Amino acid sequence: MVTTTSNLSTECRTFEVRPNRSLSREGMIVFFLAVAALTLLVTVRFLLLGAWVILPFALLEIAVLGVSLYLFERASRYSETIQIAPDSILITTRSGVDILREYRLQPYWVNIALQRDPHHWYPSKLLLRSHGECIEIGACLTNADRKTLANTITNALESCRKTTH
């Protein structure tokens, strides 16, 4: 999922790339609590019938579901921010609030390449190249979204190059 913002006063464009999540954090909590409550209701019924062996397995099921939802939510906090200004391009990769990587490139020297797999087995790669450095962006996007992002960034870079000359 790509979010674009523009600032006309500074001629800066910002692109935020995030994985597509169909369920928010609050939605995951509600889902977990609903499944846990339903599981515990069924477990209580079996406990009243004398089948106490069900309890550890039900608790294990709830724990595994909770841990997997937590790990999924933590992994989906990933984001890439691409700020294109007339004087520089800033690419910031984050996981939540932690900055993983940060690159600064000159917009005049940046080349955008969309590499496709020759056998169409693997997704394409969107690469920004400058002075021998190659940075992949948009790895969490679909091929169609990656192509659209490449075209949008190319247009933004061309407009930045025109304003600097």
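Me: Which residues of helix α1 are buried?
Reply: In this predicted model, local features need pLDDT of at least 70, side-chain atom pairs count only at pLDDT 80 or more, and totals for chains, interfaces and linings use all residues. Residues are numbered from 1 along each chain as its sequence is written, and side-chain values use heavy atoms, leaving out hydrogens and water. Buried means under 20% relative accessible area, exposed over 50% and partly exposed in between (1.4 Å probe, protein chains only). In α1, the buried residues are M28, A36, T39 and T43.

Me: Against which element do the buried residues of α1 pack?
Reply: Helices (H or I, at least four residues) and strands (E, at least two) are DSSP runs numbered from the N terminus. Contact requires heavy atoms within 4.5 Å. The partner of the buried residues of α1 is α2 (54-75).

Me: What length does α1 reach from its first C-alpha to its last?
Reply: Helix α1 covers residues 25-48 and has 24 residues.

Me: Which residue just after α1 takes a positive phi?
Reply: The phi in question is about 100°. The residue with this positive phi, just after α1, is G50.

Me: Is I137 buried or exposed?
Reply: I137 lies in strand β8 (residues 133-137). Its contacts, not counting residues up to four places away in sequence, are E80, I82, I91, L126, L128 and I153. Because its relative accessibility is 0%, I137 counts as buried.

Me: How far apart are the C-alpha atoms of I137 and E16?
Reply: Along the chain, I137 and E16 are 121 residues apart. In the model, their C-alpha atoms are separated by 11 Å.

Me: What is the order of helices and strands along the sequence?
Reply: The protein chain has three helices and eight strands. Read along the sequence, their pattern is β-β-α-α-β-β-β-β-β-β-α.

Me: What radius of gyration does the protein chain have?
Reply: The C-alpha trace spans about 80 × 40 × 25 Å along its principal axes. The radius of gyration is taken over C-alpha atoms, and the globule rule is 2.2 Å times the number of residues to the power 0.38. A compact globule of 165 residues would have a value near 15 Å, whereas the protein chain has 23 Å.

Me: What share of the 165 residues is buried?
Reply: Among contacts with a separation of 6 or more, 44% are between residues 24 or more positions apart. Buried residues make up a share of 29%.

Technical notes. Expected span 1.5 Å × (residues − 1).
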